[in-house]
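Good morning, and thank you for joining. I would like to go through selected features of strand pairing and of aromatic contacts. Please have the sequence and the structure in view.

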Amino acid sequence: MRLKRTLSLLGVLAIGGLAITLQLYCSDTAAPGLEEGDGAVGDGGGGGQKCANSAQCSKGYECVKNVCQPGKGDGGTHTCQSKLECEEGFDCIQGQCKPEGDPDGAHPGDGGGDTAEFDGGKACTQDSDCGSGRRCDKTTWMCVDLFRPSIEVEPELLDFGAVHYGECPAKELQVKNAGDADLQVLGIDFGTGTNPDPAHPRFTKTVSGNIPAKLEPDEYLTVTVTYCQDDAQADSGELQITSDDTKKPNVKVPMVSNYKGDPEFQIVKYAPPDPPEQLWPKVGVSQYTVDLGNIDPGKNVTVEATIMNASTGDAILALTNPLLTKISSGANVFSHKFTDPINGGAEVTAPIYLNPGDVVNAAITYTCSEMNFDDKANLTITTNDGDINDDNTADDGKAILFLKARCGYVGPKIEVSRTLVDFGDVQITTSKTEKVTIANSGKDNLVISEARLQNAGTDFTFSPDPLPSVINASGNVELSLTYAPNDQADLGAASNAYLITSNDGFNNTNITIDLKARATDPTISVNPASIAFGNVFVGVQTQPTKVSVQNAGIGPLSISSVALTAGSSTDFVLGTLPAFPVVLQTNDKIEFDVSFGPTAVTDRQGAVSIKNSDVKSAGEVLVPLTGTGLECCPAKAHAIGVCNGVGCDYSCEPSYWDTNGDLQQLVSNGCDYGPCSTTNGGIEVCDGVDNDCNGTKDDGQIDQMCPPQPHTTFACDSVAKVCKVASCEQTWFNVNGTVGDGCECQQDTNDQQGKGNACDAAQDLGSFFDTEKRTVTGAGNLVGQTDEDWYTFEVKDNPTGDNSAGTDNWFTKVVMTVNPNNAFTFTVLQDSCSAPTESCINGGTGSPANVFEKKMDFSDWAGGKLGEAPCKGVDAASSTDGQNFCHNDTHRYYVRVSRAGGAPYTCDSYQITVTIGR
């Protein structure tokens, strides 16, 4: 049977009156109904089975309240409501199945007919059939008196179905008065035999009211019946209800339980959350063996066998009468007990009832007190599984656990020096052998019944073949295992196993020595294959030549050494060698250097030996080496050569120099410059002399040859043998023409900004009324021989105001207020850059000059009406004799500042001051 229950819930395991909670695996219980095994047709139809009519019951039984019950022995008389409920040849007459044509049957087939029981009762289909004072009872279809009680019980059968051990389901029924007069319920009790053990009743009840009870029409009371399953049997009984209903004074309600399927005894491997694994029963195996092994005297061991009810239905598995029988003689003891694996191994006692999916452990203990090599016992457990070994043949349901153990036994014992032989990497066309010692550490002869490779025809072999069949106590045999891959087809991982079967008395009868290896084909690749150093000066060592050694094959390549071969010239030198051995995986490589340093003028030969594991190279690769030594110090012009053991060191003869730097090269023109003696300590100065004897005069750093000055770039004039200013920083000028201070003069701000260098770009000093009495200034310097600065300003007049005042306040004066060494002068233009130079009026010193003055705030009649102080009117018509007009004397002036002729060229600054009004 297959275990299919997966929903886990808690059940109760009761053993000897002790309740223990167990883990159950259960499914939903099917609703009551007519199924095979529930009393339906084809299930025997015996007593207690469910039915729909008496035809579904066995001979001698009738269907009463939907349950087959023993008949009255009249050869087929059963209660009925229609002919369909009667057997063939019978009809339903007066509520019973009677032979067809019975004279009592007034209405065959409808349950009719008069009966003396009801005082001349009459069959009916409706009330009008009964006459005055009577009615038609729709239950019996008989005429009855009006106003009488009628008991009705629903349901007519209490079917508890399959109930798991320890469960107590409850069902309800109603006792109703279906009549039209009060009904007296006189008693509600269980029938005889319902509870065979009154101290532990299986069926119990509670009633919703007191008994006896009076029920008015349509009134009812509720009876709750509880059924508790306490064994592995299906139970039945009846509930009897007595009342004053004269027609049905005693109503019996059958109570039944039943199971689907059969109990299934299994011994399983139980390791939640993994599903149980069946260990026994197995076809052809009559008993289950529990091997407790071999233990030392004075000790004991316990082994558990887990028993499970693997029923696929609802049947309970009963375990009763466990009997342990010792087969062997001696003082050693087998004992047992049952434990609950769900509740921490608590002990339980038989009888034991297991719901489907429940488990219990049979714990077997073996106590060793004296040496015995073959202790045996049987534990027999009686069950209600009618086919304990699942061979489809009914048996006695007894499960036998065969127990065996040993006490202090020392028989043959096989031991191997290792159970895994890893050959590692083995190159194809080669082989590798490993040794394994097989020993007998026991006290009896070890008999080898089989020794072989698990897979024949591989690249693994062994010797001796065959292995000796007997190894004496304390003896041993050396086993040689060989792996020999043949070709490219074998490349990659390989595995096998060497299997040994023996009579080892320690339960180690089968030994497996696992074999694994990897077939490889490493290939050594060396580059370059040879090295020719050519001609090399004696005492000079060449730059290293790199030699690469790579694994171009499959599998590891071992490089055991790299060295010069015997007889190789010691002028060849190896360098940057790694520590050996080196293992190169596929495509890995190492590099080392080879150099040549000849010690004599002669040809040299040698070779590098590379020892490796590539069998295709016969274990060695040679790299030939050649080179020729040349003279160390050949003659060079004006040079002296000294050989230092590494090469030749050349130096120049006194007063000769190597100007092109090729003196130490193989091809050189020697010391090509001279004679020359250094001066000034070999540091170049601007003096027209090659101070450092490098072949070029005055080629030193300019900052060393010419002391640097701010804002100045110098150059050396090798002809004049002096330093000179090559250029000035922008806005700076060498005004004084000397070299010592460089570009010492910075032009004024206007020049730096590119302003005021021409009349049409003159610096504007402002616009002023002649009444403001203002003073403004302009200042700067002139750098460069043609540099000049321009300024402009406007003096505005108000003739109307002058006329009102009677005088003109117009006065303008320009003075060179700062003029070092009288090196500066200025000229003034009026109203236009193209106007002629303006001259002073009345009192000015003229232009060019250090003072320019022009005014109208004076009177000079002698000069012919010069000045406008006083003035009157703005024209001839409005003037008076003796006064000038009040002219509009508004003018703009342009002042040009330049260097005075013959004046020294300096960086001095000037200042002009303009005065308006006074």
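How many bridges join E42 to strand E44, and in which direction do the two strands run? Four bridges join them, and the two strands run antiparallel, with E44 covering residues 589-596. Before I go further, please bear in mind that this is a predicted model.

E42 and E44 belong to an open sheet of four strands, whose order is E38-E40-E44-E42 and whose pairing is antiparallel. The edges are formed by strand E38, residues 524-527, and strand E42, residues 572-575, each of which pairs on one side only. From one strand to the next, the twist averages 25°.

The aromatic residues are my next topic. Ring pairs link Phe160, Phe190, Phe203 and Tyr227 into a cluster. One member of the cluster, phenylalanine 160, also has lysine 171 over its face, at 6.0 Å from the ring centre. Elsewhere, the charged end of lysine 796 sits over the ring of phenylalanine 769, at 4.2 Å from the centre of that ring.

How many aromatic pairs does a search of the whole structure find? The search finds 18. Among them is the pair of phenylalanine 423 and phenylalanine 460, which is tilted, with 5.8 Å from centre to centre and 50° between the planes. This pair links distant parts of the chain: phenylalanine 423 lies in strand E30, residues 420-427, and phenylalanine 460 in strand E33, residues 460-463, with the two phenylalanines 37 residues apart. Are these two residues buried or exposed? Both phenylalanine 423 and phenylalanine 460 are buried.

That concludes my presentation, and I welcome your questions.

Note on methods: Residues are numbered from 1 along each chain as its sequence is written. This is a predicted model: local features need pLDDT of at least 70, side-chain atom pairs count only at pLDDT 80 or more; totals for chains, interfaces and linings use all residues. Side-chain values use heavy atoms; hydrogens and water are left out. Two strands pair if DSSP finds at least two bridges between them. Axes are lines fitted to C-alpha atoms, for helices over the stretch in contact, and angles run from 0 to 180 degrees between N-to-C directions. Rings of Phe, Tyr and Trp (its six-membered ring) pair if their centres lie within 6.5 Å; planes under 30 degrees apart count as stacked, over 60 as edge-to-face and the rest as tilted. Buried means under 20% relative accessible area, exposed over 50%, partly exposed in between (1.4 Å probe, protein chains only). A charge sits over a ring if NZ of Lys or CZ of Arg is within 6 Å of the ring centre and within 35 degrees of the ring normal.
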